[in-house]
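Colleague: I have this model open and need a quick tour. Start with the terms.

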Amino acid sequence: MGSHSLLGEMVATERTPCAFKRWRKFVIRSQTFLALPILAVLGVPVFAQVDLSGSWAYRSALGNVGGPRPVDYEGLPLNDAGRARALSYSESQLSMPERQCLFYAPTYLMLGPFGLKIWNETNPDSGSTIAWKIGAWEDRAPITIWMDGRPHPSKNAYHEKGGFTTGVWEREILTTYTTHMKANMIRRNGTPSSDQATMTLHFIRHDDLLTVTASVEDPIYLSEPVHWTRMFQLDPEAPIPSAGPPCIVADEGPKEGAVPFYLPGKNPFVGEMTKLYNIPEEAVLGGAETMYPEFRKKIKDNYVIPGKCVRDCGTPTGR
Amino acid sequence: MIIYFRSSRMQSAVDFEGLSPRRFSTSLRRKKTTSRQHCLGDHEITMVRKKMRSALFAALMLGTCGSAPPARAQANENIEVLRIRPSFYVIAGAGGNIGVQIGTDGVVLVDAGAKGDSGQVLAEIRKLTDQPIRYIINTSADADHVGGNADLAKAGRSIFLVGGAAGVMRLPERLHITWQDDTTLRIDIDAGVQTRLFHFGDWKAPATMPSWQGDSLAQWERAGSLKVATTHLRGGYLRKNGVPYSDNTNLMEHYDVVSERNGEIWLIVTTTVRDPRYLRQPYITAAQFKKEPDATRWDPTPCSARW
């Protein structure tokens, strides 16, 4: 990969005599200092960078901590293939011995309930940031955002758990692009994402607030990009670990080799949202039009306020 | 002219989640009151409040001074309609007494009577006016006071979205952003037809009562980022299930525009609500709006009792 050239240079400088090393740093930094006004005069955009490092506590007040209902695809632009795949998913897959330690894809950054630990890796010669790192969670691999302009790998390259991410600064907003993710999900109820999905993130800092907005495109399961925005707040008094605890497989029920799933038309949770809240099934099953405000007007006549519940309220069998 | 829409899940429907019948009823009433408020200008609110006070006072008088001989307007076997003042009636005989205040833009009911009589009650109201029912103020949770809520509410029109500056930007909605003048950025919001004004420069807020949209001072930060501080708000609701914010609320917003690889342009609104009265810590949210190519889908819709 392109990073190897930089990594090699870093290793080489460590073998460089100290006096020459200091001189080299001085020259590089001086060149950088002189280059900035020259670039400005030439009209080349020079974007300021913002320090994103620190422990950022999760602050999205409408969070996903509780998790979604098994079949609730509202607001997701699923195509037919995505919907069919989602409906085949059983929550019990999470308990399979083979999948208990299967990490989520980087899209989980926008779905999970944890804060972010962010730091930068610098070039010891120039002091410039080579990469921003986002620490791992217990169920998500660390994410490296390469800032040195390296290209993305071949489309045939191996897909890592953390994907492959590059970033650029645009008006003090860090914009990143992630490819080479593993197939995973875009909602924690099995709504699928393929290994061809890509994700664009924008990191926007305002004082101690960090707004992260995501756009995920998936030519296999989505008919339009899906967008999310999440909030984080700098919290220096509660450091967030840069890595999650080790994952230990335990017996949670499903036998090794068995894959819980539902055959087409057999998912028992399809009508759950309708039974509970009278939300029409066409809304529950998602699709691009469920993202837009006018969809509410389209189905409003089908919506009836649920009747008085007297037993098992809040459950699918509530009456 | 810029039109944005917001991509959103159907949170409004989900907001009914897990509510027992009693709580649901309470929540619905509260939302009605709230959203109606967001549909009105401050002057209108004041007038409606005066009317509501009059209606409540009249209802109270009816209960305590029931022997006083009111003027009779209409009557039939089951229900009596009593005219208390030119625009205020009491419908008796349909469970608890029902106060009917008729205004220029709608009807306020004090209680809804028993469920079985609501059809006849509605018919009597229709004889008095064709204005929509805007509010039902329940003075008790007993069946003879709230039994008619559901049926009469179906004949209503107003309802409530979370509104006012502290809550409105999180609704599924479109925005229409224009410069009202050189120093005032105007955001029209189609959900409930609300308007926010962002004032630049050394604008000074007029000495008026607190309002739903408050006084917003705006300034550009770095390239393309707009910071808006809003104060002087009238208390309202952050969520449709009744989570409140008070008159002491300070609202800080950041508006940022980002471009996607597919050419889409998105407006990201980061909102921090600080309310020392009702919140222990800042309430931080964000919403996203996609820029639309034209205004063909701009469809301002007044507050609706249905959704």
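Modeller: A residue is buried if 20 or more other C-beta atoms lie within 10 Å of its own, exposed if 12 or fewer, and partly exposed in between, with C-beta atoms placed from the backbone. This is a predicted model, in which local features need pLDDT of at least 70 and side-chain atom pairs count only at pLDDT 80 or more, while totals for chains, interfaces and linings use all residues. Residues are numbered from 1 along each chain as its sequence is written, and chains are lettered from A and ligands numbered from 1 in the order in which they are written.

Colleague: What does the model score for ipTM and pTM?

Modeller: The ipTM is 0.81 and the pTM is 0.70.

Colleague: And the mean pLDDT of chain B, what is that?

Modeller: Chain B has a mean pLDDT of 73, and 67% of its residues reach 70 or more. pLDDT is the predictor's confidence in each residue, from 0 to 100.

Colleague: Where does pLDDT stay under 50 in chain B?

Modeller: One such stretch is residues 7–74 of chain B, for which the model has 117 contacts beyond four places in sequence. Another is residues 157–161 of chain B, with 32 such contacts. A contact is two residues whose C-beta atoms, placed from the backbone, lie within 7 Å. Where pLDDT is low, the predicted coordinates should not be read in detail.

Colleague: Chain A then. How many helices and strands?

Modeller: Chain A has six helices and 11 strands. Helices (H or I, at least four residues) and strands (E, at least two) are DSSP runs, numbered from the N terminus. Of the 319 residues of chain A, 34% count as buried. For chain B the count is seven helices and 17 strands, and 42% of its 307 residues are buried.

Colleague: What do the strands of chain A build?

Modeller: Nine of them form a closed barrel with mixed pairing, in the order 1-2-3-4-5-6-9-10-11. On average, neighbouring strands in this sheet are turned by 30° against each other, direction ignored. Axes here are lines fitted to C-alpha atoms, for helices over the stretch in contact, and angles run from 0 to 180 degrees between N-to-C directions. Two strands pair if DSSP finds at least two bridges between them.

Colleague: How many bridges join strand 3 of chain A to strand 4?

Modeller: Four, and the two strands run antiparallel. Trp146(A) is the bridge partner of Ala131(A). Strand 4 of chain A pairs with strand 5 in the parallel sense over two bridges, and Ile145(A) stands opposite Thr165(A).

Colleague: And strand 5 to strand 6 of chain A, parallel or antiparallel?

Modeller: Antiparallel, with seven bridges between strand 5 (residues 164–170) and strand 6 (residues 173–179) of chain A. Glu170(A) faces Ile173(A) there. Arg171(A) lies in the loop between these strands. Arg171(A) has a positive phi of about 50° although it is not a glycine.

Colleague: Is Arg171(A) buried, exposed or in between: which?

Modeller: Arg171(A) is partly exposed, with 16 other C-beta atoms within 10 Å.

Colleague: Change of topic: which residues touch the most other members of the largest nonpolar core?

Modeller: Phe203(A), Ala214(A) and Ala166(B), in a core of 78 residues. Strand 10 of chain A (residues 209–217) gives the largest share, five residues. A nonpolar core is a set of buried Ala, Val, Leu, Ile, Met, Phe, Trp, Tyr and Cys residues joined through C-beta atoms within 7 Å.

Colleague: Last one, helix 4 of chain B: which of its residues are buried?

Modeller: Ser118(B), Val121(B), Glu124(B) and Ile125(B). They lie on the same side of helix 4 of chain B because they cover an arc of only 120° around the axis, the arc being that of the directions from the helix axis to the C-beta atoms. The face turned away from that buried side carries the exposed Ala123(B), Arg126(B) and Lys127(B).
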